[in-house]
Amino acid sequence: RADGTSVTLKSGDNDNGIDNIQEANDFGLYTATPLEDGDLLHWVDAESKFMPSKIHILAAADYISPATPEDGSALIWSDANAGFIAADPLAGFSSSINDLSDVNTASVSPENGQALVWSDLNSRWQPGEVIGTELDELSDVGITAPENAQVLRYDGNGWVNAVQDYSDIANPPVIPSTMAEMADVDVSLAPAPGQALVWNGTDWAPADQSGGSGGNTLGAWTERADSTATTGSISNNTPAEIEFTGLGEAGQFVQVAVSQPAWIVFYATDADRIADATRNAATDPLPGSGVLLEVITENPGDVVLVTPGAIYYNNDGTPDDRLYGKVVNQSGSAADISVTVRAYTQKNEGSPIVPLSDLQAAASTATTFSEFQTLIAAL
């Protein structure tokens, strides 16, 4: 048994049990002290037996309260009053951060954006600015009237704002000032007017620009040209085929001038023109149909500017200087209709292509540029 434990008595006869209090007394478990109403038997280590005791009922003398209890009050022992008093059970607990003993927000009023910062001088937490929120607050940084595009540069004593010049950079990269200083550009051969830098497989080197689709010519350029085609007399709503030459194998439309109201369609090949014969002006051509441009005019002498720009090209098996067209008379009567196309055209100059190996051989043989030109002219 442990001190303070209680015992339960059971009735009934058996050799090993205790049938009544008297038998418990016979076993020396209980003193002969008379029992009173409400007594309990509890074990007492000091007496090595069960002894009667009572449940302590709080007497009026144990209760001392300077005020009438309120909702939520509890009985709390008060050493000062030597008794239980009715009080708020949460009294004495901190209800604000300033109630903490090591915090002071009363004499140092907090401001927006401040934090609680420890003060060694006052040995407490108090409102203050968080140190280091700005660069200039760092001990090794000094910023004076900063300007746009300045950098933070170390001057040997600290970091200061300054304009960063190329000469201030340690181990700066070499920035070429001429094309000749580029590592992959070879200008050992002086460029001629109109040449461009062309990749030769090893370097970029001056060379004539190649272009056109003739296959063996250099020196293509763009020029503006006009080309006119006429239908002869055709009835109203009757189509007629026309063709334009002198505009090169490709180019870009600028404008189309038409002598009478008409619907004009331009094609890449004659086969495209034939395939489009049954389509009317109110139906858009399908993508890939070979229709390059179509124009509808309403008045005699109308000039239609082609904006945004539209390109044309000849798509015959062997490209040709030929642009295919169709005119449908919409003047209301028979008419001879002329159509003038203005375009920027691509022309072939006809200069023969010189193989790169021949150019290299001439360059290695010639000792001057004039001699090199002479060798090239002979190729």
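## The chain at a glance

Take the contacts in this chain between residues at least 6 apart in sequence: 52% of them join residues at least 24 apart. Keep in mind while you look around that this is a predicted model. The chain has 379 residues, and 22% of them count as buried. Its accessible surface comes to about 25000 Å², with 53% of that belonging to carbon and sulfur atoms.

As for secondary structure, you'll find four helices and 22 strands. Here's a handy bit of background for the strands: they pair through backbone hydrogen bonds when they make up a sheet, and they can do so either parallel or antiparallel.

## Two hairpins

Let's start with β1 and β2. Strand β1 covers residues 40–44 and strand β2 covers residues 49–53, and the two pair in the antiparallel sense over five bridges. Val-44 stands opposite Lys-49 in β2. Together β1 and β2 form a hairpin, with four residues between them. Look in the turn for Ser-48, which has a positive phi of about 55°.

Further along come β10 (residues 196–199) and β11 (residues 204–207), which run antiparallel and are joined by four bridges. Here Leu-197 is the residue opposite Pro-206 in β11. β10 and β11 form a hairpin too, again with four residues between the strands. In this turn Gly-201 has the positive phi, at about 100°.

## A three-stranded sheet with mixed pairing

Next up is an open sheet of three strands in the order β7-β9-β8, and its pairing is mixed. The edge strands are β7 (141–142) and β8 (151–154), each of which pairs on one side only.

Where's the parallel part? It lies between β7 and strand β9 (residues 159–162), which pair in the parallel sense over two bridges. Within that pairing, Gly-142 stands opposite Val-160 in β9.

## A four-stranded antiparallel sheet

Another open sheet has four strands, ordered β14-β20-β16-β17, and here the pairing is antiparallel. Its edge strands are β14 (239–244) and β17 (291–296), so called because each pairs on one side only. Neighbouring strands of this sheet are turned by 20° against each other on average, direction ignored.

Inside the sheet, strand β16 (residues 262–267) and strand β20 (residues 323–329) pair in the antiparallel sense over six bridges. Tyr-267 stands opposite Tyr-324 in β20.

Follow the chain back from β20 and you reach the loop between β19 (311–313) and β20, where Pro-319 is found. Pro-319 is partly exposed, with a relative accessible area of 35%. Pro-319 and Glu-249 are 70 residues apart along the chain, but their C-alpha atoms are separated by 6.3 Å.

## Aromatic rings

How many aromatic pairs does a search of the whole structure find? The search turns up six.

The side chain of Gln-126 makes a polar contact with the side chain of Asn-122, at 3.1 Å. Leave out residues up to four places away in sequence, and Gln-126 touches Asn-104, Val-108, Ala-115, Leu-116, Val-117 and Ser-119.

Ser-227 sits in strand β13 (residues 221–234). With 7% relative accessibility, Ser-227 counts as buried. The side chain of Ser-227 reaches the backbone oxygen of Thr-245 at 2.7 Å. Setting aside neighbours within four places in sequence, Ser-227 is in contact with residues including Phe-244, Thr-245 and Leu-247, and also with Val-339, Thr-340 and Val-341.

Methods
Residues numbered from 1 in each chain as written. Predicted model: local features only at pLDDT ≥ 70, side-chain atom pairs only at ≥ 80, totals over all residues. Heavy atoms only, no water. Pairing = 2+ DSSP bridges. Buried < 20%, exposed > 50% of the residue type's maximum accessible area, 1.4 Å probe, protein only. Polar contact = N/O pair within 3.5 Å; in protein donor to acceptor, adjacent residues only side chain to side chain. Contact = heavy atoms within 4.5 Å. Axes fitted to C-alpha atoms, helices over the stretch in contact; angles between N-to-C directions. Phe/Tyr/Trp six-rings, centres within 6.5 Å; stacked < 30°, edge-to-face > 60°. Areas by Shrake-Rupley, 256 points an atom, 1.4 Å probe, with all protein chains shown as cover.
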